[in-house]
Amino acid sequence: ADGLALFLRDLDTGHVWTAGWRPGDEAYEARFGVGTVEIIRQDAGVETRLCLAVAPAGALVGRLQLRSLDGRARRIEVTTLAEVVLHDRAADASHPAFSKLFVQTERLDGRPVLLAKRRPRTPEDPSVWLGYWLDDAAAAVSWETDRLRCVGRGRRRTDPAMMDASGDLGGTVGAVLDPVVALRTVVAVSAEGVATRAFGLAGGNSREDVSAHADALGDLGAIDLAFRAASDAEQARRDRLGLDDAAADAAQSLVGPLLMGDPSLWAPAALRAAATDGDALPIDGAGPLVVVRVRTEAGVGAVRHLAAWQRYWADLGLPVRLLAVADDPDALAEEGGPVVGADREAQAARLADVWADDALPVASAKPVMLAEGTRPAVPTGDLALDDADLREFNGTGGFSADGTEYVMHLRPGTDGRLSLP
């Protein structure tokens, strides 16, 4: 999935807010635990606590708790929304609209569970499914999987059309043109108690795979156990890799910038603009790129710490490439990682997803809002393209060797992002 949003509406006052962060929010706090993250905020007399974790089986689980702060009972309409991708990251980034044409949705009868599958284009395409659900105790759940009906034409995911009015969602499923998964329910919050709802999201290779996740994590008790298991698994990972909590927390804080981008962690614009084409940098594989500009012993220390974080990220399933830029590359020979001289600094800066100047990179303390539609950079490893494989190549695209497909080769521009024709 690409992006998850959770909206709330007080049905008595009509006030609408989100469980996440929006520019200008003040009564907002994010707390990172071992294997969990909790977002706490206050809006119009209601405290919202959204806790998220990845269960050991691989499903994302979320728990929403609502509490009245002014002693007044409330009816809160809760609407969750997730964008559907079900495709290779590079393919979706290059043409998201085309990618989504092959997704079909359905709802499990009698349950607050939506499924989405990617229809194969060829017999060799793998089977890919997504499941999205609310806990089984959620009452009067409505649903929608058509993005036009949820977000609206010309609207943004941060201000969707479905929040213009209360009431049931439209219930569309099937071969929708632009798929999302959205579920809506109403939660009764007593004057002094706490109301809890939960949701989950999982991927798999079959309908049975994702349905099994929804079955196993379909009640609040199972969700609570999943949070404890996620915390235990994360602590075991840290112990195995020899990372203390401070180092692991710092590494975790960079996962968002590595995946989605953070302009505050990019190299200076003037340095990126000075880049010229040259020999390929000594960075193999795919994944986000962290570049350390080593000037002093502090920079050497940053390289050592990042090498340990790199192993931690890999254990989380996030391959990250690490490159050092030094005035004297030989001085870093004992560190064992790839290193280039200062003459390649601008070239490395142009491709860096995270740039660290003689120190460890530090993620922004405040949430980062990227422009609507901003997508992660496509890894260099995905762009190992050979024009000789294409017939009638015109500089951008050509026919495949068997003539059954037209293939376009897209490469990074000066900012490291894909240049579209």
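Is Arg72 buried, partly exposed or exposed? Arg72 is partly exposed, because its relative accessible area is 31%, where buried means under 20%, exposed over 50% and partly exposed in between (1.4 Å probe, protein chains only).

The model is predicted, so local features need pLDDT of at least 70 and side-chain atom pairs count only at pLDDT 80 or more, while totals for chains, interfaces and linings use all residues. Residues are numbered from 1 along each chain as its sequence is written, and side-chain values use heavy atoms, with hydrogens and water left out.

**View 1. Overview of the chain.** The chain has 10 helices and 19 strands; helices (H or I, at least four residues) and strands (E, at least two) are DSSP runs numbered from the N terminus. Of the 421 residues, 45% are buried. The exposed surface comes to about 20100 Å², with 52% supplied by carbon and sulfur atoms; accessible areas are from the Shrake-Rupley method with a 1.4 Å probe, and for residues only the protein chains shown count as cover.

**View 2. Surroundings of Arg72.** Arg72 sits in the loop between strand S6 (60-68) and strand S7 (74-83). Apart from neighbours within four places in sequence, Arg72 contacts Asp10, Asp12, Thr13, Ser190 and Ala191, contact meaning heavy atoms within 4.5 Å. Val46 is 26 residues away along the chain, and its C-alpha atom is 9.5 Å from that of Arg72.

**View 3. Open sheet of five strands.** The strand order is S2-S1-S7-S12-S11, and the pairing is antiparallel. Strand S2 (16-18) and strand S11 (142-146) are at the edges with a single partner strand each, so one side of each has no neighbour in the sheet. From one strand to the next the twist averages 20 degrees, with axes fitted as lines to C-alpha atoms (for helices over the stretch in contact) and angles running from 0 to 180 degrees between N-to-C directions. Strand S1 (residues 4-10) is joined to S2 by three bridges; two strands pair if DSSP finds at least two bridges between them. Leu8 has Trp17 in S2 as its bridge partner.

**View 4. Hairpin of S3 and S4.** Strands S3 (residues 28-32) and S4 (residues 36-43) pair in the antiparallel sense through five bridges. Ile40 in S4 is the bridge partner of Glu29. Three residues lie between the strands, and Gly35 has a positive phi near 85 degrees.
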